[in-house]
Each structure stands twice: as C-alpha cells, then as structure tokens.
Amino acid sequence: MAKTEDYKYLSGFGSEFATEALPGALPEGQNTPQVCPYGLYAEQLSGTAFTAPRETNKRTWFYRIRPSVTHRPFAPIKHAFLESDFRKRHPNPNQLRWKPFDIPKEETDFVAGLRTVCGAGDPLSRNGCAIYVYVCNASMGNSAIYNSDGDFLIVPQQGTLEITTEFGRMRVAPNEICVVQQGMKFSVGVSGPSRGYILEVYNGHFVLPNLGPIGANGLASPRDFLTPVAWYEDRDVSEYRTISKYQGHLFESIQDHSPFDVVAWHGNYVPYKYDLKHFMVINATAFDHADPSIFTVLTCPSTKPGTAIADFVIFPPRWAVQEHTFRPPYYHRNCMSEFMGLIFGNYEAKEEGFMPGGASLHSMMTPHGPDAQCFETASTVELTPVRVADGTQSFMFETCLGLGLTDWGEEKCCKVDADYYKCWQGLKKNFDPNWKPTPKA
Ligand SMILES: [Fe+2]
C-alpha cells in the first residue's frame, strides 16, 4: 500500500489536464512526434466519438512504456454473479429492501466480488445502466480490469480502496466516491473486508448538473473533483492479467508487464474522485419540501432534456428549518426508478431496517414514503430548526429506466427483507369529514 503523501491529485471537473512523472515526458506542441521523449509510445484513449461536439468531446493522450496492444488474445472467464440480461426474470414491482450484503470469508478480490443487483437496457446498444454491489477482502495483485461497456461510479461503504489506474493512483474512502470511465484500466487494493455500491452507465459520461437559478456556485463544486497525477511502474511480470468487461462478460488477456506504465498524459478523459463532505447543500428555508434533485452530485443525461439515464444523489447532514411543514420526504410515486444505499448512520425517513451496506429499490410508479413511525413523529413534532442526518450518509441512484432484478439480487443474495412492506401498514386513517381548521390566534 502506498503512503498518504504518495497520492497526489489535480483539481477540477471536465478540465484539460497535463501531468508527467518524468520531466519533459510530454511532447511539446504536438501529440505524436516521430520519436516521443524517453522512447515512450503515444496512445490515445477516446471517451467520445472523434466527431462529438467540442463541449462534450473527451480524449486523453498517454505516453507509455509499451502500447496497450502488446497482449495475448482475450479468452472468456466465468463469473457467477455478473449479469447484463435484465429481462431474464419476471418483473417485480414491489418495494424492495435488502439487509446488509455479506462480505465473503474466502479470499475474494474486487472483480470476483462484483454482484449485479439490477439494471436496464444492454451494453451492445449502449443504452441503460446496471447497479452492483462489490464485496471483497483481497487486493487484485497482478491483475487489472477495464470496462468496455460503460462508466463505473463507485461508492465505497466499508474499507478504503487504493485504486491504481493508468493515469495514477487514487485512494477512495467511505464517504468519497470515484468514477472510472469506459476503457480505463484499474486495479483495486484493499486492506480488509470491503463493501460498496457501483452504478454503471452505458450511455455516456457523468456531468455536473446544471444549476439554473441557483447560480454559479452550489451543490458539488468542480474544484473538489480530484484526478490523479501521472504515476508509473516499469515492472515486468511473467503473467499480468488484464480483464475486459465486454458486452456484459469478462475476458482475460495475459501480458508480460504492468499496464500502469504511463509516464505522462494529457487530456480531459480522466478518472476522478470526490469527497461527499464538500457537497454544498441547498434546501427549503421557508416551508414545504424541495424535490431530491437539489441533492444531485452527478448526472448522466439521456437525450431527453432534464431526464437522466442515472443521477447520483446524496442526503447529507444539514439543517431542517421549514415552518408548518411535514419535513420528511413526502409520499410519492415516481416515473423514475430509485435505488438507495446507506454508507453509514440512519436514514431519516426510516430509522429501522435500512442498514449501512444494505439497499432499497422503489421501482417506477411504486408508492413509497416515510414509514408509520416517521409519519406519526413528524406530524406532531415541534418545528424548531433541527439538524438532519448528522452522522449519516445515504444516497440514491435514480434512473428514468425500468430496472430488472438479477437472480442474485432477488434470490441468491438471501438478503431481501420480506417484511419491508409492513413498515407502512401501521399508517392509520386520520380522515374526519367534520374537521375544522384551528382558528388562527
Ligand atoms: Fe422516492
């Protein structure tokens, strides 16, 4: 494991970065000189079509010891818990809640520990998303993975991830997130039992949400996104495994060296991390309950304006000050699908049963809202300014797509809480046709 001071970052979101681990390793004034400095190879990684509009065009130039093409042929490898066919099972519209997912006792690395819970669409047509949990306890050693199908947004819940990428090294602890985009090779190191959640999008890339009338500042600030500086190792290995997730399946190729041999790079297609504690919370300060879109950290837009293939939303510690208002989340039915997870603490609308390392899914148009206990308390409590969600971080992956569950998500994980629906059964009928408003003093 590298020391904390070994992790160095560049700050910014969507920026053009340039970084070199050896002085002068980046060619000056051009991308592909006849001979690159230090005898390096130039290689471009494209994150959008070559002809994508300038404002969305993504690519990075690597200057590496060997080009990525120096590997033996790919061969399929089996993975019992990866799934990309989300129509296999019969649909299930019920409210679902999972108890915390088990971390295996046997040695399991990040790739072996991937479990697909649900998803939509498919990676071949590049439309859809998938939701995973990862449960692992061992580092990947001499192996790396890249995702040919889309981008991974990784949310650690337990255990810090030491992620080596072609761009450099990132350390990502619980309450931080990272995004590793399509095609970027990475290897995950852990130092004990580790668990977290992953949102994969097939369509495109995450961007910061528009701020509209909020103005130029607020929510997640671009300067708080961190991208690793160039770091390389010149390490020959007899059998280095590079795994590609391609069309929902894993393939392995062997090469004779570490793929983390990029001495310098420049570009705007990069991995990055973000500490959720930096999120500037916007909220209602007079009355009523604002929609949870005010808590959007990142969004992967669809082609329909304002409608996301997937949003990453958090519910951070904050003040609640609204007057004459039922302050918890309102009851609702949504045209989007909502998958929630809990990093630590208790979620405000359900103090029991929704546990760190567990999850819930409220599919499109399936009713949900505060449980009976929460409704009773919030309907009668004195409305002084109070802190909400201190010591807590829950999040939501929200998608405009319908989510299909996998065998593991609905059965094999053995964590579905069959009693979840009961939390609403105690909601009483309070209707009184003779009700009169209380006279104002
Ligand atoms: Fe909801």
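**View 1. The nine-stranded open sheet.** An open sheet of nine strands, paired antiparallel, runs in the order E1-E16-E20-E13-E10-E15-E8-E7-E28. Its edge strands, each pairing on one side only, are strand E1 (9-11) and strand E28 (404-405). Strands (E, at least two residues) and helices (H or I, at least four residues) are DSSP runs, numbered from the N terminus; two strands pair if DSSP finds at least two bridges between them. The model is a predicted one: local features need pLDDT of at least 70, side-chain atom pairs count only at pLDDT 80 or more, and totals for chains, interfaces and linings use all residues. Residue numbers start from 1 along each chain as its sequence is written.

View 2. Strand E7 (residues 114-122) and E28 run antiparallel and are joined by two bridges. Cys118 has Leu405 in E28 as its bridge partner.

**View 3. Strand E15 and its two partners.** Eight bridges link E8 to E15 in an antiparallel arrangement, and Cys129 has Val201 of E15 as its bridge partner. E10 and E15 are also antiparallel, with seven bridges between them; here Phe152 stands opposite Glu200 of E15. In general, side chains in a regular strand alternate between the two faces of the sheet. In E15, eight of eight residues are buried, where buried means 20 or more other C-beta atoms within 10 Å of the residue's own, exposed means 12 or fewer, and partly exposed lies in between, with C-beta atoms placed from the backbone. One side of E15 carries Ser194, Gly196, Ile198 and Glu200, and the other carries Arg195, Tyr197, Leu199 and Val201; both faces are covered.

**View 4. Ile154 in strand E10.** Ile154 lies in strand E10 (residues 151-158). Ile154 counts as buried because 24 other C-beta atoms lie within 10 Å. Apart from neighbours within four places in sequence, the contacts of Ile154 are Val172, Ile177, Cys178, Val180, Gly196 and Ile198; a contact requires C-beta atoms, placed from the backbone, to lie within 7 Å. Ser46 is 108 residues from Ile154 in sequence, and the C-alpha to C-alpha distance between Ser46 and Ile154 is 21 Å.

**View 5. The largest nonpolar core.** The largest nonpolar core contains 99 residues, and those with the most contacts inside it are Cys129, Leu153, Ile154, Cys178, Leu199 and Val262. E8 contributes the most to this core, eight residues. At least three residues of this core come from each of domain 1 (74-259 + 269-276) and domain 2 (281-416). Such a core is a set of buried Ala, Val, Leu, Ile, Met, Phe, Trp, Tyr and Cys residues joined through C-beta atoms within 7 Å. Cys178, leaving aside neighbours within four places in sequence, is in contact with Ile154, Ile163, Met170, Val172, Pro271, Tyr272 and Lys273.

**View 6. The contact between the two domains.** The chain is assigned domain 1 (74-259 + 269-276) and domain 2 (281-416), with bounds taken from an automatic or database domain assignment. Taken over C-alpha atoms, the centres of domain 1 and domain 2 are 23 Å apart. The contact involves 47 residues of domain 1 and 47 residues of domain 2. Strand E6 (96-98), E7, strand E8 (127-136), E10 and strand E15 (194-201) each supply at least two residues of the domain 1 side that touches domain 2. E7 provides the largest share of that side, seven residues. The side of domain 1 that touches domain 2 is made up of 27 nonpolar, 13 polar and seven charged residues, with Ala, Val, Leu, Ile, Met, Phe, Trp, Tyr, Cys and Pro counted as nonpolar, Asp, Glu, Lys and Arg as charged, and the others, Gly among them, as polar.

View 7. In the unreviewed UniProt entry, residues 8-276 carry the annotation "domain: Homogentisate 1,2-dioxygenase N-terminal". Over residues 8-276 the chain is 0% helix and 43% strand, with 19 Å between the end C-alpha atoms. UniProt positions follow the numbering used here, feature names are shortened, and annotations may be inferred rather than shown by experiment.

**View 8. The annotated binding site.** The unreviewed UniProt entry annotates His332, Glu338 and His368 as "binding site". These residues are spread over 37 residues of sequence but cluster in space, with a largest C-alpha distance of 11.6 Å. His332 is in the loop between strand E23 (318-320) and strand E24 (337-344), and counts as exposed because it has 12 C-beta neighbours inside 10 Å. Glu338 is in strand E24 and counts as buried, with 21 C-beta neighbours inside 10 Å. Leaving aside neighbours within four places in sequence, Glu338 is in contact with His362, Met396 and Glu398.

Key. Two residues are in contact if their C-beta atoms, placed from the backbone, lie within 7 Å.
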